Amino acid sequence: MRVNESKFRRWEIYSGKTIRAPVIVRIDGKNFHRVTRECGMKKPFDKRFHRGMVKASEKIMTETGLNISLAYTMSDEASFLFLKDEHLPFRGRIEKILSVIPSYASAYIQNYLRENFSYNGLVSFDARIVKVQSLLEAVEYFSWRCSEAFRNFLNSYAQEIIGRKEAYGLKGREIVRKLFLRGFNIQEAEEWQRYGTIIYWGKIEKEGLNPITGEKVTARRRRIHLASFDIASMHGKRRLKDIISRCSR
Ligand SMILES: Nc1nc2c(ncn2[C@@H]2O[C@H](COP(=O)(O)OP(=O)(O)O)[C@@H](O)[C@H]2O)c(=O)[nH]1
Ligand SMILES: [Mg+2]
């Protein structure tokens, strides 16, 4: 029996593949062009959908036992940052990490779309590993996703307001100008639409009384915070670096 069992274990040829921190896992909704259409979501941005993606990321950080420092979501994707080796689940086994995280996301979004959009189809997310070597590279990565979010923001409003034909091939600056001439000032659009949302652990201080001595004490608790800002800007990169450094303390 033992011999056979080890033979079968050997057939699991990828089970030994592991990853070290810092590492980011990005998930992306499969075929969400169709899913969002069938849900009848608002175009180009549906706040309820974004709220669902934020909530899913938050749940994955708070209710699954996974030790994620920070997440970032825009459109139908989310990225999760594991800062330290001791934060990695399953001793860093790639197969496990890449199956469990998108499963949680699919389960959450499945329920969410059913409750909020009466959607009865099946949804799924894929997942990939993004290996970064340092905190700085992690910031660079999120800055890249954020500039993708902004590009997507401009292009989707261009298609809606300027029209597919006229917007074709236009540069970012030209889109901004044409949108402005048509009465849409992009500065007035909500920040989550332009930059996506960061979900991170922050500390809050709570005043309380020591039950034994009756003395006033301040207790520090962890709580999830949300933020939307331009990560690709100089100031944004610095702010994100600050947030991540504080998460890791
Ligand atoms: N109507 C609407 N659609 C969205 C929203 N966010 C994402 N989507 C859709 O989801 C797609 C996600 O892009 P991508 O992952 O490349 O496409 P997929 O392969 O179909 O999942 C976008 O192209 C949009 O069609 C939203 O807020 N509203
Ligand atoms: Mg997708």
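A residue is taken here as buried if 20 or more other C-beta atoms lie within 10 Å of its own, as exposed if 12 or fewer do, and as partly exposed in between, with C-beta atoms placed from the backbone. The structure is a predicted model, in which local features need pLDDT of at least 70 and side-chain atom pairs count only at pLDDT 80 or more, whereas totals for chains, interfaces and linings use all residues. Residues are numbered from 1 along each chain as its sequence is written, and chains are lettered from A and ligands numbered from 1 in the order in which they are written.

Phenylalanine 90, which is not a glycine, has a positive phi of about 50° and is placed in the loop between β3 and α4, where helices (H or I, at least four residues) and strands (E, at least two) are DSSP runs numbered from the N terminus. This residue is partly exposed, with 13 other C-beta atoms within 10 Å. Serine 75, also with a positive phi of about 50°, lies in the loop between β2 (70-74) and β3; because it has 21 C-beta neighbours inside 10 Å, serine 75 counts as buried. Most residues other than glycine have a negative phi, and most peptide bonds are trans. The bond from alanine 21 to proline 22 is cis, with omega near -5°, and proline 22 is found in the loop between α1 (2-11) and β1. A cis peptide bond also joins lysine 43 and proline 44, with omega about -5°, in this case with the proline in the loop between α2 and α3.

Helix α4 (residues 94-117) comprises 24 residues and reaches 33 Å from its first C-alpha to its last, close to the 34 Å expected at 1.5 Å a residue, the expected span being 1.5 Å times one less than the number of residues. Its buried residues, among them Ile97, Ala105 and Leu113, pack against β1, α3 (47-62), β3 (77-82) and β4 (125-131), contact being defined by C-beta atoms, placed from the backbone, within 7 Å. The helix is followed by serine 118, whose phi is positive, near 50°.

Leucine 81 touches Pro22, Ile24, Ile68, Ser69, Leu70 and Ala138, residues up to four places away in sequence not being counted.

How values were computed. Two residues are in contact if their C-beta atoms, placed from the backbone, lie within 7 Å.
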